[in-house]
Every structure is written in C-alpha cells, then in structure tokens.
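Trainee: I would like to go through this model with you, starting with confidence and then the contacts between chains.
Mentor: Ask in that order.

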Amino acid sequence: MKSIIKYTGIFLLILTISLSACKKDFLERTPLDNMSDATFFSGPNDLKVYVNGFYPIFPRYHFQSFNDGPTNMVVDANSDILIACTGPSSVLLQRGTASQAPLTNGTWTSNFTWIRRTNYFLSNYKRVTTSPEARQYTGEGYFFRAWVYYNMLVQFGDVPIITEVLNTESPELYKLRDSRYDVAKFIIKDLDSAIKNLEWKNNIIAGGGRVNKEAAIVMKARVALFEGSWERYHGKKNTVFKVAGKTGDEFLNLVEPTVLELIARQGKTLFTTGGPYNEAYNQLFSQKDCGSTAGVFLYRAYDATQIVGHNFFDNVVDALYTAPRNMMEAYLDKQGRPQSISALPLNQKSLVNLAANLDPRFRQTIWTPDRGPQNKIIGLEKQAFPSRYPLINNALSGAFAIAGLRPWKGAILDANEWRNGSTDDVLIRYEEGLLALAEAKAILGTLTQSDLDNTVNLIRSRVGMASMQMAAVNSWSVTYARNKSFDPTESKLVNEIRRERLVELCYEGHRVNDLKRWAVYDDVMNGSKPQGAHYKEFFDYFNNTTLLMADGFNASDAAKCKLTQGVNFNFDVDGYINPFFNNPEFNSAGAGYFVEPGRSYLSPVPRTEIDLYLQKANITLTQNPGWF
Amino acid sequence: MKVTTKLLLLILLAALHFSTFAQEKTPKIITGSIVSSDKKLPLSGVSVVLKGGTKGVQSDNKGQFTINAVIGDVLVLSIVGFTTKEIKVGSENRLEISLVESISTLEDVVVVGFGKQKKSNLTAAVTQIDGAVLRNRPIKSVAEGLQGLVAGFNVNTVNGSPESNPSLNVRGFTGLGTQGSPLVLVDGVERNLGDINPNDVENISILKDAAASAIYGSRAPYGVVLVTTRSGKKGEKARINFSGSSLIGTPIGMPHWANSWEFAEKINEKYRNSLQIPVFSNATIQKMKDYGSGKLSVWNDPLPNGQWGAHYDSYANNDWFSTMFKDKNPSSQHNLDFSGGSNNTTYYMGLGYNKAAGLIVGSNDKKERFSSLLKVKTDVTDWFGIGLTMNYVKSDEAGLNIRGRGRDYSDMMVNAAGSFPNWSDLSPNRSPYWLSSGPTMRGDGGSALYNTNDLFLSGRFDLKPAKGINVSGSYSWKNISNHTNVISLPIISINADGTQRNSGRSVTQSEVYRGMSTSDYHTADLTASYQKTFNKHDFQIMAGYQEEEYNITSLIGSRKDLYTNSVPTLHTAYNAQPILDDALSQWATQGFFGRFAYNYKEKYLFEFNGRYDAHSKFPADIRWSYFPSFSAGWNVAKENFWKFDVISNFKIRGSYTSSGDNGSGNYLYLPTLGVALGTKDVLLQGAKPNMVTMPDLVSPNLTWTKPKSIGIGFDAVASRNRLEVSWDWYQRTTYDQAGPAEVLPVTLGTTPPKTNNSVSETRGWEFTANWKDKAFRFGKKQVNYSVGFNISDYIGYVVKYQNIPGARSGTWTPGEVFGELYVYESNGIANNAGDIAKNVLQGGFYVPGDLMLKDLNGDGKINSGDGGFWYSQGDIKKVGYTYPRYRYGLNFQVDWNGFDLSVQLTGVPYWKIYSSSFYVMPVAGDQFNSKWFVAQRELGTWSYENTTAFYPRYSSRGYGANDRYLLNLAHLRIKNLRVGYQLRQKLSSRFKTDRVYMYMSIENLGYIYNKSWVKYEPEILANSGGAGYPLQRQYSFGINIRI
C-alpha cells in the first residue's frame, strides 16, 4: 500500500509539472493578428502607413457617402462672396439667437481626437532610425498637428496646447486654454519642424498628393499672416478679440523670410497652360493630376477609376451656388483701375459687357453668356439645357433657382466629371504665399514695386491683366469702405492687396477667415442682403421664345423658362435679382444678414467641457467673448 | 413509404401479441401480509404479480393479499416509495414480507461538478434530467428537448430554421438587460450542445445555483449544464439498440397573402388617404381580378420599352408564402448503439444520423448531423483504471443564398415574402420574373453551405491508492473545423423583347466566398478526493487543478466572376481583385479548486467550494482571482421532534457564492493598432493608401465582473415518496460589470475605457412538484402515471450605472427594471372630426380613422417624457414585460400494459410585446412596408363603412407603441405528445430481440390557448415581430429495437 501511495505521488508530481509548471508563460497570450504598440514603429513604412491615416482630415469635394469634411464652397457660402441658393445661411442670421454655448462642439471634440493621434505619432516616431523617408513622414506628422491646431486657433482662439498622449489620470486633461499668441507660436514651431524634415514636392517620396516642404512653407505664411493681422486689426479696432500687448508685427515679420525661401526655389513658375479654353487661371482648378501642376503644393487627389471621385461640378450644372453682385463690383477693370474710376464703358447690367471689360479673371470665375448656350460647352452637351444664361426659375431643372452669377472657376467639364469627377482639389498653392508676402509687407509699410512685380504682378501676368503700380494706386481717388471689407485707416496699397486676394483666392475657403482677421466680418455682413445679377438681361432672354429656340430649346421647354416677377423670380428696386425674395428678412423692409459683433468671430467652448473642468478639478475653463 | 412499412409492422406485432395465451399449471393459493421494514406498518396497495405474467393483485388496507400461484413462480411486489422485491414461491402458503423503503429518487446519485452527490445531500439547487426524455422525440438537438422541463432553466427558440439551436439561460438576467448562457460541459469538457446526439445522452444535470457551479469558478458564472453521455455497465451483456424514425414537418403560423386586387386597392386607399394619386390603375386592378378568376391566363404585359410590366403594372395573384415555402417536408433520424461490459471493462459505441429539413421550397435547405461516440473504460488493476472517449460529429448545413447575403432570414421574411402579390414567379415567357424571389428561394441565386467537423478525444485515469482516496486526471482535445462556402450567382431574367436583364433579387456578379476556421482546444485536469466517515460524521475533501488553452485561426477568401457557375471555386474565378483575410486569436486559463463537504447523519449538511482562477486576457498583476462559495442544509424531517410522518424528508437549504465572469474579448489590457485598407476617400501616390490607426486607450485595471448570489430553498418528499416538491429563491447581484467610464474632458482625445462600475441585480424563484403513483387497474393491468409541474419567474433591475450626460439611448438608469414595456394608451380610433377635436394630437394633421392617444399627464402634449428615463415617461405607461414571466411546464405520463402516453406542455401566462412589423401592423409606412395578409383582412381597417374595424385607416401614418395593438403572447403549448407501445417480452424474443418499442411523437402539436391576436409563434413574434423563419410541427413515427 505504501508503495502505491509513493508511486502515485511521483506520478502526480510528474503530471503536474508536465501540465503547466514548465510553461511559465502559459497565461501570457499576445494578440496574433493585430499590431501592438510594442511591435510597431520599426521602420519608415510604419511611419508612412500611420501618417496616411491623417489625410482624411483635409477638406474635400462633396461626394456621396464621404461628406464628412468641409468643402471650400460651403465655407465661402458663409461669407459675402457666395450664396447658397437653398436659403440664407443660418450662420449669418444670428439676430435674436441665444448666446448660450451648446453642450458639445463637434470641432472641439474631433480636433482633440486628431491631436491625440498626432501626439501619439510624434512621441513614437523617434523609435525609427532616421532616413530621408523617415524624415518626410516625421515632417508630415508635425504638419498635421499644426494643421489641426490652426483649425482650433481659427475657430476658438485660445485652446489648451497638449503635446502628450494623455491617459485618464493625466492632469493635462484639465489644462487651461493657452493664449492664441502661444497657440500661434506653437503652430509656427511645428511648421518649422515640418519644413525642416519635409522634402520638396518634386522628390518622389513627397509627391503624389503628400504634404511637402512647399506646402508647409505656405502654411506657415498663412498662420503668420492670420495671427499677425488678427492681432493688428482687432487691436486697432479695440474689439473684445484683441490680444493685449500684441501688435501682430512679430508674426507679420515672419512672412517675408518664410516666403522668400519658397520664391528662391519656385521663382516665377506658375501654371500657365490654358486647357481647352486657353484660360490658365480657370483651368488651374480642373487638373486631373496636380502632381504636375506648377505652383500647386497641396491637393486632394481624386480618381474616379479608383472609386475616389467627386461631384463638384454638379454644383455648376445643378446650380446650388450663386455669386453675389458685390463680386461683380469688386473686380478692377482690365486696365487695372477700380470700376468707380474706370475709363472703360462698364455696364453692370450686362454680363457680356463685364466679361469684355473687367480683369480677365472675372470671366474665368463667373459664367458669362458670351460663352454661348451651355450645352455647346465641352462635356455639358447632355447635361445642360441649351441656355446661355443660368436658369433663373427652377421649372426646368428642378434644382434651385439662382441669381444669375454662376461660379465658373475650374469648371472644365466632361461628361464624367459631372457626377464622378477626377479633378484634384487644390488646397495650398504658390499664389497664396506670394499674396501673403505682399500683404504682410504692405501692412508693415515695407512693400516695394519690386515685391509687387514678384508677387501680384506675376499672378496678374498669367491672365494678361494690367500690372499693379504703386504710384498709380497711391494716386487713386477711391473710397475703401469697411462694409466692402476694406479698411480706410490703412494704406491704399493694403486695400488693393486685399482686393487682389479676393479676386485671386475666391471660392477656395479663405474669405471668412480674411474677414475675421481684418476685423470687418460684422461690418461686411450686417445689414447686407445678397443680390445677384441685374434682372433685365435675363428677363429679355428667358421671355424671348425666339432667342431661346434659336439657342436650341424646344417650344415647350422655352415656355417653361418664362420669368414672371414675384412668381418665379424677383428683383429689388434697383433691378438686381433677389435670390431670397420669399424671405421677409431680405425684401426691401428686411434687415438682412446679422452676426453678433462681440461674439461671432469665435465659436463657443462647449459647456460640458467647462462644467467638467469645474466639477472634477475645480478649474475654470474660460469661455469666448459673448458666449456664456 | 418507410412510415407505412413501420406501421404495418406495428399492427402485425400487436396482433401477434394479443393472440398469445398463458400456459396453465396446478394452482395454489398463497396469502401474505406486507409491512414496511422500518416502522412495521402494514402497507396497502402493494402490487403483487407473477413475474412474466399479467396476473396480479393488490394488498388491502391491512397489508394482506391473496394470490394464485404454482411452485417456482416468482412474485414481484412493488409499490411506489419502496424497493421492489421478488419472492420465489416455495412450498409455504403464508408469507410475511417486509418491504424496504426506498428513498426513491432521493437515493439517486446526481452528477455535480467534479463528482457525484446523493440527491438527498445536495445543498444547492441542481436538477437532473434523465436522457430518456430526449429519446423518441422528433427534435434535432438536445436543447430543444429540454424546453419547459426545468424551472429556472430557460430554453428560448431563436427561429425555425434547420440549423438554429435554442439559446440557453439559467435564472434570467445575468447583466444589464442581458441573459447570458450557462457553461455546457459534456463529460466534463466544454462542448457545443448542438453537436451532441440526443440519443447518446445518459443524463443532464442543470446546476442552477451558483453554489453548485462554484467549483467551475469564473468559467461558469451563470449556471452549468452537465451532460453525461451513455456508457456500458460492468457485467452487462452486450446490447445493440437501433432506433429509427421518420418525420414530417409542417410550418406553424405561416401567414398567407390576401388577393392581389385587395392589396392594390388597399395601397390605393393609402395614397388617397394621403391626398395623392393612387399607384395602381383601375384597369390593372380589374386585370388582377380577371386573372384571379381565370379570365386572363397571363399576368403581365410587355411595356413599350420591351420590359415586362413592373411593380404597378403586373396583375398576378400570388401568395409568396406558398411560392416560397413547402407545406410539409420529410426528415429522418437513425441511431445505432452497442454497449456492454465485462468485469473490468465497459464500452459504448453510438452512431447517429439526424436530418432536419427546412421549409424553403426547392433549395434543399437542411442540416444533417452524423455522429459517432466511442467510450471505453477499463480497470487495469483494482486501484488503477483508464478510460478513453472519442467523439466525432460532422454537420452539413445547406441553405439558400438570398441576394448574395447567405442565409439572411430577415431579408427572406421581410423582402421576399413581402413582395407584392400582383407579381409572380415566372414571366409569361417562363423566365424568372425580375422582381420575383422564387428563383432565389429555389437556389438559383446560389447556395450557402456550412460544414463542421467536431473531433473530440479524451483520456482519463482513476487511481484508488487507499481506501477513501480517489485521484483522477483527464486530458481532452477538441478540434473543430468549419468550412463555409457561399456561392452567389446572378439570375438572368428575359425581357419581353428577348433581351436579358439581371434579376432584382440576385447579385449582378457571380461570386464565391470560402471560409475555413479551425479551433483547437486543450484542457487537462487533475483532482484528488478523500472521503471518510466516522461516528456518523461524513467528510469529503476534494482538490483539483485545471488548465485550458484555446487557439482559433480562420482564413477567408472571396472572388467575383466565375468562369462557369458549375465550378464555383476561387481558382475558377477571374476577378483581378480577390479578397483575402484571416483572423487568429488565443487564450488560456488556469484554476485551482477545492471542495470540503461535511454532514452529520445526513441531517446537518455543509459544503464549501472555492476556486482560484486566472485568465490570460487580464494583465499579470490582476490576473488571479478567488471565488468562494458556502452552502448548508438541514434535513428537519430527520429530527426527533418532526411529527409530520406524511412528510418524510424536509430539507432547508441556503447558500452564498461569489463568482466571476471574465466577459468577452481576448487581450483587454494590450493596446493594438487598427488597420484600414484603403477605406477612406484618400488617394496618395496614385492609390488608396493603407492606414494604421492609433491604439484605443485600454484600461490596465479592467477585471472580472463579479456576480454574487444568495439562495434559499427547500426540498420535501411526502406521501410515501410519491410527492416531491422543491422551492428556491435566489438573488444574483452582478457587481463590477464593465460600463462607461466617468465622463472626462475631450482633451483626452478618445473614449475613456470602460471600467468595472455597473451593478445589476436579478431576483427570482422556482417551484417544482412531481407526483408519481400507481392508479387503478384496467383490464387486469396496472395503470401507472406521473405528473410533473414546474414554474419559475425572475425580475432584474439596474443598481448602478454611469450615465453619460446628453446620451439618451443605450444607457441605463439606476432603478430601471429590465424588460418593462411602456406604451401610449389608446383612446380608440377617431370616427369623426369631433373625436379628433377632443383629443390631444401627436403632431401632424389627423383625420377620422386615425388612432387617438391619451394625454395621460395632461400637459397638452403626447410625448414619451424626458429621454425615456424610467422615472419620467411622459404619456407612456407600463403595461407589462417583454420577456416571458411565470413560465411553467407540465408533463404527464401514463403507462399501461406496454402502452404509454406522454404529454409535455409549456406555458407562459404573462408576456407582452409591441411590434410595428408588417406581420403585425399592415398599415404604416410606404407600400413596400404595408401588407395585406388574410389574417389582417379579417381584422379590417377603419373606413366610414367599417368604423368598428380593428386597424386604423390604411395610411402611411405610424403611431407610437400603444396598448391597442399590444400583443399578448400568453399561451399554453402542447410541446410534445407521444404514444408508444412496447411489445411484450415473449413476443419480442420471437424476433430474437430483447425489446421492441414503437411510437408516434408530435413536437409542437398546438396550443391549448394562445392569447395573441396574430397567430404566429410567440417566440417568432417576440424575436422579430413575426418576420422569422417559421417553426415546424413535427410528426414522427419511430421504432426502437434492442437486441
């Protein structure tokens, strides 16, 4: 019996050992089909696939299921240069709206998500041995963090600067908002790191739609100009948004050396080949591969064959947007003089006249009827009606009625582009950098004719526009009104550069930020009622069956085009088409647009965040002016 | 044909049986008196029969009997509650007999975790079911056979498809609104219950009480189902059993379409009610009527564009349910087993085939299971034994492929069955009509095949090194491989002009999808136990160790564009972009466990169970956790002061258990990076770039959920062991459930990880009573019967939950009771403008025929209050519970002279749901979501001519959930009815058989009552508003032969 117990004991011992004791790591089980953070960041390709995940952040053209980012058209529709025909933008109708901040804010939330992702990258990239490729992706990482913080700066001003990957116990969760001055400095610093690491666009590892050194340089100029002019103009106007003790000169002084680095490389090279219309400015925005488009540094690539297409040109055919009358008035005549002192026989009631006499960029930006019936345009044969004017009533199109001034920038069409476009979306280009240099130097009073020739006049020469001459500008007797986004206290040169900026960069998403940094947002918007073209030219065309049928309408369709004032269209007493004639705020007695001057320059910090700071850490997160 | 043959055989055998006659010998008269062995009380009603014969008498109330017998005859004395005794007749004429009281089933040994226990000594709620209840029934899986048998063991039908298995739950809510499943162990190892052949089951123990399952620790927080398979018995002669049955299934609760012109008129009515132009023209409706009455022979006219008329132009009269489903279909089951044993070796071998046929027309929709089980045990020496089990199960499932989505029964019941009745299956040119689901249902759109191989190998040893000491260990390996093969084919429809188009009910590109996965599971355990009794003190100590290791790997591939539909493989498809993916994961556990049981005179009982468990999913520092359990019992009837002799056993039980639930997910503490393969609308360097995303924030502290249970109960045996009653009350508080973390500022940049911060509680009770007795004699034969009843109920509620500010859906509120149904109160259908004016409206424009709702809180609005919190419900009120309350089961058996009858009933007295599914409410939404079935026609919609109709006017208006259209799912169902006959031994031996048994058994026979006003299956209504694969009523005819 004893021996049995003994053997059993030995047997059990062996069994126990064989079962588990020898496997010390029996319970250590790691994921088999997922990368863990311990195993990742081993080579430059790891960096690449990680930064690839940042690219969805860029603005995009609208497309079916991917409509989660802002489009530049939508951004500009909240300003004075574009009207969404669906109705007045609610952003511009703040009369009587509550100034209580909402509980949450999608931008605040999503940007902190992006910040966490970029911080994760920037705290790990050093694990990869440095190489040109690794540096490129490192630069992209810095660029994207700067991009996100710039969005935060523009929208909220002061924001907490977070540079670490936080966990639930991190004290930085309750970090106070850093001043917008510090935020801007921080962005500039990240962009400096980006510029240092990124390759030029023509290097294969920085091409094909990736962020490159040129883009980072222009971005730095954009940020410096934005913050510098914000500090200057809000200070001058003494608004609640001013930055105490700051004149903006520190940032404005950064612009010139930054852009000069770019000019040293890019020189006078612009995109000048003109496409089927020989209109280089227009066609700059309808390139199928911006990788080979001179002066386009950052773009969002589209390729319908890769099932990444867009329907941007839908906007042209379906007429979602219209340009307002003040766009018509902003352009210089083709001799380079403001319309009020023009020597040419300008007629605001005739688009045909304007097309012939204004800055050539007008005709390349706004559809004008001298182009003939729309269905004669390449690619529009099947999509468009044979009308040479945009449809004013919607009886035929079923889409929105528009006010006569159809944006036409980049509107090269072919049948595929209309619904499934492959043209790239231009995000950052050389011209913005050049204009930033001109504006910064004009403000600082250091702008020379040579600077103008290297910047504004280089851009103008592409379209054959008369050059800007400092002496001539200074001699003009022109009023620069604040409600037209000018500043009478600034030099004529500064105001003319503002005009140049509007003309060159319209419909690329810059306008609202420009109005805000110039501290004229409320001056421009408040009380304004958007108007379109003068009605007469349209009335005479659409109510003339003979003309319509000559252009190719059949009788029945021609009849549907008939305009009846007050029924399917209307105009104000001065004869300009009123797109919102059904909205009492926009008839003659209406009060028009309104934004709160002391509130609308910045978005409110979400209330939930303020409450959480207070409840959990007894820290007061400040709110933006005008909000509670 | 098979059925007919068996019936003939049955009749023949029965005829032979009645023609036999007994041989006569010289009789003598024997008298006797019978007393109980312990108390010497006379026993009345004892049956005294001659062995092998039919003659018999009963003892009178003084225990006396008289019987005629010859020397050499054997008297068999039997009465419920006492051990049956056999006495050989010798020369004496007077017999004094005492019968030993059997504690009847109380003496039964019940299988519990890592051991067995006498039923009378259990201190926790355990119910054991004999495997016989699963046999001779037309069920396709073990789980189906367990429905309604055990109080507190909830077996819920999912749907009626051939591959579906009911879901299992013990004692209700296990977490926040969830009803987790018990651990299913087959011969001690976790198995898929669907892979077990019901014929191989010896018995099933349901460990309901946490105290009973505590020995399994965190592997079994919510009960255990212990299945023991059959074995041979030592010294038993070799036996061969054959059982076979043929089944006929018919659908239950299948709706049928009303005529197409009625549907079209209803849809037009909807349009007119919405002040819109009707979609069906009068001419088309007339054509529907003409087609219906046979005046027209085609049902569709070509359109000018060469296509067949579409949605509103067709004029057939088609009931899609008849087109899609069979009225009846045959299945079969066959089992063959061999068993036996010598003095030291036993063996069992079972082979089984089970075919479950579905109802879908023509697509060969079915599940077939082939199983084999081999068990051998041998004692090598008197102190050492080894055993081997081998189980191989192969399941083949074939199903339809609906629009490339595989077995999408929801699509089948919603879109295919919901097609307009004015469409038909084939176009007039005999090609598939492009809107018809018929070809898809017949398998023309491809098929979905699933094949599973479940291989199980297990070896064990038992050592008895000294008296009272047992050491045993086992090692098991389970390897399950799954193969999926989904073939999607386009269906081509020929237009009226001879051109082709793709059917709208199939894919447009052929595709083959193949998936293979293999899971590998190893487990080993080692236990040692010691048992000792002295001075009526009984001790049992057991200690053990167990470990598990699990690996799963899968590979899937799919490719479009087959060269030929007849060879659907990845290799024979040519699309340049095949899709490939795989998945791998693993986990491991270790656990040490122990049990200490003590009882004194089987009167005072105490048991402790504990387990120390670790799971690989948690970080090393918090990986191990300890789960103790205590339970005790007191058999009051064994006390001297107990005077109620009629109650011979009365045991009070109580228990406390702390358990653990490790939840789902495998590497909870390890952050991993996500991958996105070109999913966003980004193009870089000419292609969609691959992206990697940062790891989620994971909690280093996330740990087990900790259910803590208390339970009390009693077991009583009365009336000479004929009556057994037990009652249980329990409360399970599930602490530390993973819930949303406290809200943090979004500067965190991600969602904070879940933390163990939620608590919910479930309370319930169970009651079971069984009565077993002999009844009267009929035709000189004894009638035996038994009746069983069980009922249970539970309720659950939230104790603690972190609410997210602003979030309304998907959150819980402390105090919220699970499954409560809140609806508006109806104020009837408005008959005129005055009725409408009197009511508060929900918003919008109302006309007569609309349903009015009551403004219960008088605030002038009809709304559901503040975000659906249970304490602020606006105008909605509680009307019941959406899960079955007070579920009960009733079963009844009677046998007489070889015949037996068994009836099983399951019932729910209290169960309410609201559904807006078109199987219930035909009149909301657009024309594609509005139907007109025969049953709905009978209920009628409101119109000025029919103001008493059940439904409101036919319009696209929907109303909030309201009490007028509540479904009361209370019912009492005849779950199974079986009539069987066992041939008399003499007769069966003529056929060289030991036992021959024939039966007819019907599953889901029907309802004794069903309160719902739509007569679909209550489960299907509750699960999917009626839009679920219909259940089947199964008729089976079978025979069992034992040699």
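Mentor: pLDDT is the predictor's confidence in each residue, on a scale from 0 to 100. It applies here, as this is a predicted model.

Trainee: What pLDDT does chain A average?
Mentor: In chain A, 91% of the residues score at least 70. The average pLDDT of chain A is 89.

Trainee: How much area is buried between chain B and chain A?
Mentor: The contact involves 64 residues of chain B and 67 residues of chain A. Carbon and sulfur atoms give 67% of the buried area. The area itself is about 5,700 Å².

Trainee: Which strand gives the most to the side of chain B that touches chain A, and with how many residues?
Mentor: The rule finds 16 residue pairs in polar contact across this interface, both residues at pLDDT 80 or more. On the chain B side, the strands that each supply at least two residues include S22 (446–463), S26 (511–534), S27 (537–560) and S28 (579–600). The one that gives the most, with nine residues, is S28(B).

Trainee: By class, how many residues on that side of chain B are nonpolar?
Mentor: The side of chain B that touches chain A has ten charged and 15 polar residues. The nonpolar residues there number 39.

Trainee: Which residue of S32(B) is the bridge partner of A:Ser36?
Mentor: Strand S1 of chain A, residues 35–36, is joined to S32(B) by two bridges, and the two strands run antiparallel. The partner of A:Ser36 in S32(B) is B:Thr672.

Trainee: With which residue does B:Arg623 form a salt bridge?
Mentor: The rule finds three salt bridges across the interface of chain B and chain A. For B:Arg623, the closest N and O atoms of the pair are 3.0 Å apart. The partner is A:Glu28.

Trainee: How many residues apart in sequence are the parts that A:Glu490 and A:Lys236 tie together?
Mentor: These two form a salt bridge, with the closest N and O atoms 2.4 Å apart. A:Glu490 lies in the loop between helices H18 (470–475) and H19 (492–505) of chain A, and A:Lys236 in helix H7 of chain A, residues 213–237. The pair therefore ties together parts whose separation in sequence is 254 residues.

Methods:
Residues are numbered from 1 along each chain as its sequence is written. Chains are lettered from A and ligands numbered from 1 in the order in which they are written. This is a predicted model: local features need pLDDT of at least 70, side-chain atom pairs count only at pLDDT 80 or more; totals for chains, interfaces and linings use all residues. Side-chain values use heavy atoms; hydrogens and water are left out. Contact means heavy atoms within 4.5 Å. Buried area is the accessible area (1.4 Å probe) that two parts lose on being put together, summed over both. A salt bridge is a side-chain nitrogen of Lys or Arg within 4 Å of a carboxyl oxygen of Asp or Glu. A polar contact is a pair of N or O atoms within 3.5 Å; within protein, one must be able to donate a hydrogen and the other to accept it, and residues adjacent in sequence count only if both atoms are side-chain atoms. Helices (H or I, at least four residues) and strands (E, at least two) are DSSP runs, numbered from the N terminus. Ala, Val, Leu, Ile, Met, Phe, Trp, Tyr, Cys and Pro count as nonpolar, Asp, Glu, Lys and Arg as charged, and the others, Gly among them, as polar. Two strands pair if DSSP finds at least two bridges between them.
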